[in-house]
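This report describes the arrangement of strands and helices in the structure shown below.

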Amino acid sequence: MAVASQVVREWAGINQFPAATQTKLLELLGKLKQESVSTLTILVMGKGGVGKSSTVNSIIGERVVTVNPFQSEGVRPVMVSRSRAGFTLNIVDTPGLVEGGYVNRYALDMIKRFLLDKTIDVLLYVDRLDAYRVDNLDKQVIEAITENFGKGIWNRAAVVLTHAQLSPPDALSYEEFFTKRCEALLKVVQKGAGIKNQQLVERPIPVILVENSGRCNKDENDQKILPNGIAWIPNLVETITKIVSNGTDAIFVDKKLVDGPNPNARGKIFIPLILLLQYYLIIPRIKGKIEDDKGNAVWKNKRRTRRGVSRWDDDY
């Protein structure tokens, strides 16, 4: 969905990529245009310090978002828009979702309001490959994203693992370490998002490796490659195009999604059930009580009448 208020600039950064990368990117974008997709909006989310902004810069091929390892991240979302050959790419960089060891709900609310009336085509959930464990906070972050954007956003998501140019510990091979890290993180995503096993089998969430630093190795075509030999920028874009074409619905951020459920309306769905319970359970008891009271009243009247007659007979 096009964003009228957003400044769209020519995608000059694509010319900074090696020829092989440029060719692949233009080929992938051309496929999207053939599917009548002329605008693509990517939402980049994750905890702070995982490489979200650096990944945005790598995709665009320009330093469009400030990255400073000695300063905190930006406090507001930023949308970067670039156009090439009739195709517009929007990437939304966001603040970290954790503050002081807790999920930053304020940041999530701000991100939603920033995205009002926009469509999220792809979510890139970013973490680090060299993070050696997951914990309950990771699960809480996934739960918070699901709560705010809906479970369906994971149908349009990929997990991005940065800092992928590493030497695995404990004599593990690169592929073994990557597999273990993926399994641990995807398990947390599954639990946090409430995804059933069968759903994950039918539509697995792809995991993409990324290395944003200048120390990334290169192949004979000058493309940045990972230790497994994959040119990661074309691989990232190709995975994104597959998500767009996977047959699921993009996420449109309307006012209802931004505001969340109306707390005053939450109980209204139970009103018919309550009325039925009253009709079938409570009202019959009330009627029975009334009938009992009537019966008791009649009995008392009869008893009083009998007593009155008996006294009259005694007088005579």
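How many bridges join strand E3 to strand E4, and do the two strands run parallel or antiparallel? Seven bridges join E3 (residues 78-84) to E4 (residues 87-93), and the strands run antiparallel.

## Basis of the description

The model is predicted: local features need pLDDT of at least 70 and side-chain atom pairs count only at pLDDT 80 or more, while totals for chains, interfaces and linings use all residues. Residues are numbered from 1 along each chain as its sequence is written, and side-chain values use heavy atoms, with hydrogens and water left out.

Helices (H or I, at least four residues) and strands (E, at least two) are DSSP runs, numbered from the N terminus. Two strands are taken as paired if DSSP finds at least two bridges between them.

## The sheet

Seven strands make up an open sheet of mixed pairing, in the order E1-E3-E4-E2-E8-E9-E10. Strands E1 (9-10) and E10 (207-209) stand at the edges with a single partner strand each, so one side of each has no neighbour in the sheet.

## Strand E4 and its partners

The hairpin of E3 and E4 has two residues between the strands, and Ala85 in this hairpin takes a positive phi near 50 degrees. Arg84 stands opposite Phe87 of E4, and Ser83 has Thr88 of E4 as its bridge partner. E4 also pairs with E2 in the parallel sense, over six bridges; here Thr41 stands opposite Asn90 of E4.

Seven of the seven residues of E4 are buried, so the strand is largely enclosed by the rest of the structure. Buried means under 20% relative accessible area, with exposed over 50% and partly exposed in between (1.4 Å probe, protein chains only). Both faces of E4 are covered, with Phe87, Leu89, Ile91 and Asp93 buried on one side and Thr88, Asn90 and Val92 buried on the other.

## Strand E8 and its partners

E8 runs parallel to E2, to which five bridges join it, and Met45 stands opposite Tyr125 in E8. E8 also runs parallel to strand E9 (residues 157-162), with six bridges between them; the bridge partner of Val126 in E9 is Val160. Because six of its seven residues are buried, E8 is largely enclosed by the rest of the structure.

E8, H4 and E9 make a right-handed β-α-β unit: with the strands pointing away from the viewer, the path from the first strand over the helix to the second runs clockwise.
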